[in-house]
Amino acid sequence: MLTVDFSALAGSKSAPLRVVGNLPYNISTPILFHLLDHVGVVQDQHFMLQKEVIDRMVAQPATATYGRLSVMLQWRYAMEEVLFVPPQSFDPPPKVDSAVVRMTPHATPVQIAPALLTELVRVAFSQRRKLLRHTLGAWLQEKGFAGNFDVQRRAEEVPVDEYLALAQALHPQGV
């Protein structure tokens with residue numbers, strides 16, 4: 001699935017793709033990031049995943065599960081957990097809980113350079129327990145950023161819209 005070109009698969013079809021699957025737990029995050037590159041041809045996505053991964057996908061700021069995955073996916077998708085699947089639903093039962101998530105692309109996502117947001121969020125969350133001044137603050141100085149951004153917080157305290165606004169301020173032309 002990591003090598004599938006969903007944009008080419010959609011081809012000249014008039015209807016966008018509906019992507020459905022039971023993602024392998026050990027590579028679910030790389031698959032989700034791969035699909036970000038093809039969100040423009042997707043109507044919606046429904047996946048069964050490890051519950052812990054879905055908790056990270058839909059997490060809100062200032063929670064232990066909020067992180068890089070939360071920010072990157074929430075930039076492009078509205079997401080909701082639609083079904084809890086206990087281990088007893090499988091034979092043999094796994095040692096983890098599962099759930100199903102619905103991911104619907106935002107109709108008008110914030111236009112930013114994906115590589116810039118990826119780098120910004122990676123730097124911000126590189127040392128989760130430290131204040132952003134130690135990680136993102138230095139990175140912003142290297143970029144010559146002269147705007148205002150509160151680096152006296154931890155990465156998990158910054159809402160998605162503030163990361164998006166910062167990326168726009170760094171590269172106003174967007175994509």
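Leaving aside its neighbours within four places in sequence, which residues is His-34 in contact with? The partners are Met-1, Leu-2, Thr-3, Val-4 and Phe-6, where contact means heavy atoms within 4.5 Å. The model is predicted, so local features need pLDDT of at least 70 and side-chain atom pairs count only at pLDDT 80 or more, while totals for chains, interfaces and linings use all residues. Residues are numbered from 1 along each chain as its sequence is written, and side-chain values use heavy atoms, with hydrogens and water left out.

His-34 sits in helix α2. Helices are DSSP runs (H or I, at least four residues), as are strands (E, at least two), numbered from the N terminus. With a relative accessibility of 15%, His-34 counts as buried; the classes are buried under 20% relative accessible area, exposed over 50%, and partly exposed in between (1.4 Å probe, protein chains only). The His-34 side chain reaches the backbone oxygen of Val-4 at 2.7 Å.

Val-4 also belongs to a nonpolar surface patch with Met-1 and Leu-9. Together they have about 240 Å² of accessible area, from the Shrake-Rupley method with a 1.4 Å probe, where for residues only the protein chains shown count as cover. Patch members have over 30% relative accessible area and no salt bridge; nonpolar side chains (Val, Leu, Ile, Met, Phe, Trp, Tyr) are joined within 5 Å, like charges within 9 Å. A salt bridge is a side-chain nitrogen of Lys or Arg within 4 Å of a carboxyl oxygen of Asp or Glu. Met-1 lies in the segment before α1 (6-10). Its relative accessible area is 38%, so Met-1 is partly exposed.

Helix α4 (residues 68-76) is mostly covered, with 8 of its 9 residues buried.

In α7, Val-160, Tyr-163, Leu-164, Leu-166 and Ala-167 are buried. They lie on the same side of α7, because they cover an arc of only 160° around the axis, taken from the directions from the helix axis to the C-beta atoms. Their cover includes α4, α5 and α6 (136-142).

Most residues other than glycine have a negative phi, and most peptide bonds are trans. At 61% relative accessibility, Ala-62 is exposed. A cis peptide bond joins Asp-91 and Pro-92, with omega about 0°.

How values were computed
A polar contact is a pair of N or O atoms within 3.5 Å; within protein, one must be able to donate a hydrogen and the other to accept it, and residues adjacent in sequence count only if both atoms are side-chain atoms.
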